[in-house]
Amino acid sequence: MNKLFPFDKFVTGLNIIKANGGPLNALKKLFRQDELKIGTLVGTDEMGNRYYENNTYFYGRNRWVEYNDQVYLNYDASQITAEWYGWIHYKTDLLPHNDPNRPKYKWMAKHTENETGTERQYVPYSTMPPKIQAWVPPKKN
């Protein structure tokens with residue numbers, strides 16, 4: 001009978017929907033993140049991102065981040081802070097608040113996301129005249 005109807009898969013699906021806040025919240029999360037997962041919240045960062053882990057998933061898929069709800073669909077990987085970068089990319093198994101060797105100095109800058117492609121992007125300017133002049137086609141008479 002289990003081969004005809006996989007009850008365990010059905011129950012697992014219901015548990016994932018329940019863990020994600022019910023059917024409506026699960027649909028919202030599915031729209032935003034393209035997949036639903038169940039996991040243990042291991043921490044949050046100063047940007048409001050939540051980091052999860054579930055070791056029953058395959059290695060490489062068992063750690064994930066849920067970006068802050070305020071960014072909605074405008075999330076990208078540069079919003080992961082440096083403290084969590086090593087953990088989410090499997091460079092270390094120590095969480096940022098459990099790592100005694102992680103330096104924290106007053107002079108360290110706060111994390112900012114990559115702003116390329118926005119109105120706040122860095123655009124260098126030069127005070128030197130250009131070395132190459134743009135070609136201007138001759139006017140037709």
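The legends below accompany close-up views of a predicted model.

**View 1. The largest pocket and its lining.** The largest pocket of the predicted model holds about 390 Å³ of space, and 16 residues line it. Among these lining residues, Glu46, Glu83, Pro103, Lys104 and Met108 lie nearest the centre of the pocket. Helix 3, which spans residues 82–88, supplies three residues, the largest share of the lining. By residue class, the lining is made up of seven nonpolar, three polar and six charged residues.

**View 2. The stacked pair of Tyr51 and Trp84.** The count of aromatic pairs in the model comes to nine. In one of them, the ring centres of Tyr51 and Trp84 are 4.2 Å apart and the ring planes meet at 5°, so this pair counts as stacked, the cut-off being under 30 degrees.

**View 3. The stacked pair of Tyr105 and Trp107.** The rings of Tyr105 and Trp107 have centres 5.4 Å apart and planes at 5°, so this pair is also stacked. Tyr105 is partly exposed, with a relative accessible area of 47%, whereas Trp107 counts as exposed because its relative accessibility is 68% and the cut-off for exposed is over 50%.

**View 4. The aromatic cluster.** Tyr51, Trp84 and Trp87 are linked into a cluster by ring pairs.

How values were computed:
Residues numbered from 1 in each chain as written. Predicted model: local features only at pLDDT ≥ 70, side-chain atom pairs only at ≥ 80, totals over all residues. Heavy atoms only, no water. 1 Å grid on protein atoms, 1.4 Å probe; cavity = no way out; pocket = protein on both sides within 12 Å on 5 of 7 lines; lining within 4 Å. Points joined across faces, edges and corners; volume = space filled by probe spheres on them. Helix = DSSP H or I, 4+ residues; strand = E, 2+ residues; numbered from the N terminus. Nonpolar A, V, L, I, M, F, W, Y, C, P; charged D, E, K, R; others polar. Phe/Tyr/Trp six-rings, centres within 6.5 Å; stacked < 30°, edge-to-face > 60°. Buried < 20%, exposed > 50% of the residue type's maximum accessible area, 1.4 Å probe, protein only.
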